[in-house]
Amino acid sequence: MFDSSLPVSQAALIALGEFLRQHSYRHVCTTPATHQRLLQRWAGQSSTSLADAFGWNLPFAADLLPAELSACLLSTGAVSKHEALLLLSNVRFSTLQLGQAHGLFCHSAFPTQQTDAVFFGPDSYRFAAAICRALADPLSAVKPGARAVELCAGAGPGAWAIAQCLLRNPPGELLLADLNPKALACAAVNFQLNATDAATAHTALHFCEGDLFGDATGTFDVIVANPPYLLDAARRTYRHGGETLGTDLAVRIVRESLPRLAPGACLVLYTGAPMVQARDVLHGALHPLLQQQGFSSTYEEIDPDVFGEELEQPAYAQVERIAAVSLIVRRSPGA
């Protein structure tokens with residue numbers, strides 16, 4: 001059951017993920033606001049299914065899992081003892097479907113209040129879909145053995161989406177970069193859980209802890225990023241996108257990615273854009289960067305209203321809404 005070549009904590013999570021997959025586990029991750037409402041509805045209840053325990057984070061009886069697996073998860077801190085002889089998971093697992101592929105992703109338990117929490121949520125689904133649209137475009141001609149990178153990788157859904165979208169022509173190198181070592185450890189678990197020969201047989205997988213590109217050198221054929229985009233008073237890594245209403249990190253990603261795009265390469269950015277007096281703050285900041293010769297771009301509003309609860313925060317007093325947007329930047333083959 002357990003892979004002795006891995007750290008015990010990662011081996012335990014992989015064993016749990018494999019158990020969930022064997023039992024046809026499915027769980028779609030909701031927004032924090034929806035999750036909280038449902039927990040209030042279910043107050044005092046315990047799990048009756050694996051999805052209750054590892055999707056909704058309800059307490060569960062130890063016999064929901066094999067005894068050996070429960071013991072290992074307890075010893076590594078993946079689950080904790082709860083009241084009335086119940087257990088409580090300190091991680092969640094969510095599923096993401098792209099075509100016929102069902103990805104399984106380990107991420108932080110609810111609520112994600114820790115500074116180093118590993119995020120997965122509705123943005124992850126929209127991000128993966130945006131990547132697939134971009135790579136399916138006739139303008140995308142990713143060469144054999146391409147280099148690809150997911151910045152602000154978190155649980156790794158962007159890198160997994162790249163692998164799935166390029167099944168017929170898998171990248172030669174796939175890099176996942178994040179400031180948060182906990183996120184990279186989680187992404188490593190997820191890639192082992194989701195590994196398929198078709199997606200990874202010819203791909204060198206690397207995990208890079210650092211600021212954006214970190215120590216990675218050279219250019220890339222595909223760059224994707226779903227950075228944090230809120231102005232978070234607690235400056236939690238997975239939420240805080242910097243100043244200017246949380247848009248600074250997204251602008252920096254574009255600025256630093258453009259010279260890293262190989263000829264014919266593309267950048268896919270999924271992020272949030274605050275609207276002030278009907279003006280898109282993010283697009284206004286990106287516009288000068290996108291006028292460089294040799295690059296073309298498409299900017300699209302995917303969802304007009306996300307994280308509406310943030311408008312109650314003083315920092316958002318002038319913001320009318322936060323939109324989910326995607327930016328696709330392509331470098332011309334001859335540039």
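I began with β8 (220–225), where six of the six residues are buried, so the strand is largely enclosed by the rest of the structure. For buried I used under 20% relative accessible area, with exposed over 50% and partly exposed in between (1.4 Å probe, protein chains only); helices (H or I, at least four residues) and strands (E, at least two) are DSSP runs, numbered from the N terminus.

This is a predicted model, in which local features need pLDDT of at least 70 and side-chain atom pairs count only at pLDDT 80 or more, while totals for chains, interfaces and linings use all residues. Residues are numbered from 1 along each chain as its sequence is written, and side-chain values use heavy atoms, with hydrogens and water left out.

Next I looked up the neighbours of β8, taking two strands as paired if DSSP finds at least two bridges between them. β5 and β8 run parallel and are joined by four bridges, with A148 opposite V222. β8 also pairs with β9 in the parallel sense, over five bridges, and there V222 has C266 as its bridge partner.

I then turned to helix α10 (residues 248–257), whose buried residues are L249, A250, V251, I253, V254 and S257. Counting contact as heavy atoms within 4.5 Å, I found that these buried residues pack against β5, β8, β9, α11 and β12.
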